[in-house]
Amino acid sequence: MYLGLDKGIALVTAASRGIGRATAERLAMEGMTVIVASRSVGSEREDLGEGHIVPIEVDLADADATAALVDTVVDAYGSLEVAVLNTPGPRIVPALGTSWSDWQAAHDLLLRPVVQLGTAAAKQMQKQRHGSIVLMSSTWVRQPAAGGVLSSAYRSAASAFVKTLANEVASDGVRVNQVMPGATGTARMHGIVEMKARNNATAVDDEIAMVVQDIPLGRWAEAIEIADTVAFLASPRAAFITGTSLSVDGGAVRAAH
Ligand SMILES: NC(=O)c1ccc[n+]([C@@H]2O[C@H](COP(=O)([O-])OP(=O)(O)OC[C@H]3O[C@@H](n4cnc5c(N)ncnc54)[C@H](OP(=O)(O)O)[C@@H]3O)[C@@H](O)[C@H]2O)c1
C-alpha cells in the first residue's frame, strides 16, 4: 500500500536499535528523511530506499537537549511532518521494590521527554498546518503486569497527555495517536527474559514460553510489525484517525476496548 509519506521529514527518538530503529527504517523506506535521536547513533547519514536516516546524538535524560531537539531538526530541514515519541523502557521491578530514585529516573525518561517533544512538535505542526505525532507506548497502560509499574504509571500519564493534545490540535490539521506494543523481540525483551531466567533459576526458553503462552497469536511481535503500524498511523492513509490508541499485541490485552 502506498502510504504517501515520501519527501517529508520525520523525527524518531530512542532509535539506535529495537522498535525505534525499525520505525526509522520503515519511514525511510517510504522516502522520508528520518532523524534518529539516541545516545549512540553513529555519525554517518544512511541512504535507505528512497529515503535517508540521519543520526543525531541526544540523551533524553538531558532536559535541555530534549527541549531543543525539534527546533534543531526544523532549523536544519525546514519542517517536521512526523514525530515518533519513542523512549527507552524503565526498570522492571515490583511496585513495592521501587525506590524514589527509580520513579524520578522513569519520569525523566518516559514522561518528561514525551511532554517536551510532543509540545514542541505539535506547535511546529500547528504553524505548518499539517503533521502527525505517534506516541510509542505499551499494552501495560491497558493491562498492568508484574514488574511493569513504572511503565504503566508514567505511560498512563503520557497517554492522557497525547489524547488531550490530539483534541487541541485537530482543527489545525495535526493528528496525534498512540501505538501500544505488546511483547516484541528486541534487545530489551531478550534482556527481560534473561533477567527472569536468572531470578527464577529457569531456562531462557522457558521464560519465553511463559510470555508467549499469554499471547493468543502464539508468538511475540517482530519490531517491524510495530513499525508498520506506526508508519500507517503517521501517514495520510490514516487521515481520519486521531486521538486513538492501537494495541499491536497478538491479542494479549483481554479487555474488550
Ligand atoms: N520490546 C517490547 O516487548 C516492548 C513492549 C512494549 C513497549 N515497549 C517499549 O517500547 C520502547 C522501545 O522498546 P525496545 O524494545 O525497542 O527497546 P530497546 O531495544 O532497549 O531500545 C531502546 C532504545 O532507546 C535508546 N535509549 C536508551 N536510553 C536512552 C537515552 N537516555 N536517551 C536516548 N535514547 C536512549 C537506545 O539507544 P541508545 O542506547 O543508543 O541511547 C535504543 O535505541 C520502550 O519504551 C519499551 O519499554 C517495548
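A polar contact is a pair of N or O atoms within 3.5 Å; within protein, one atom must be able to donate a hydrogen and the other to accept it, and residues adjacent in sequence count only if both atoms are side-chain atoms. The model is predicted, so local features need pLDDT of at least 70 and side-chain atom pairs count only at pLDDT 80 or more, whereas totals for chains, interfaces and linings use all residues. Residues are numbered from 1 along each chain as its sequence is written, and side-chain values use heavy atoms, with hydrogens and water left out.

Consider the ligand. A polar side-chain atom of Arg 155 lies 2.6 Å from an oxygen atom of the ligand, and an N or O atom in the side chain of Thr 186 is 2.5 Å from a ligand oxygen atom. Arg 17 contributes through its backbone, with an N or O atom 3.2 Å from an oxygen atom of the ligand. The protein buries 93% of the 890 Å² that the ligand exposes when taken alone (accessible areas by the Shrake-Rupley method with a 1.4 Å probe).

The shell around the ligand holds 28 residues, the closest being Ser 16, Ser 40, Thr 87, Arg 155 and Thr 186; a residue belongs to it if one of its heavy atoms lies within 4 Å. By class, eleven residues of this shell are nonpolar, twelve polar and five charged, with Gly counted as polar. The largest share, three residues, comes from α5. The ligand lies between domain 1 (9-183 + 223-248) and domain 2 (185-220), because both give residues to the shell; the domain bounds come from an automatic or database assignment.

On a 1 Å grid over the protein atoms alone, a cavity is a set of points where a 1.4 Å probe fits but cannot get out, while a pocket is an open set with protein on both sides within 12 Å along at least five of seven lines; lining residues have an atom within 4 Å of a point. One cavity of 30 Å³ or more is found in the whole structure. Thr 87, Leu 110, Val 114, Leu 135, Met 136, Ser 137, Arg 155 and Ala 158 line the largest cavity.

The second largest pocket has a volume of about 210 Å³, the space filled by probe spheres set on the points. Its lining has 16 residues, and Gly 131, Ser 132, Ala 234, Ser 235 and Pro 236 are the closest to its centre.

Methods
Helix = DSSP H or I, 4+ residues; strand = E, 2+ residues; numbered from the N terminus.
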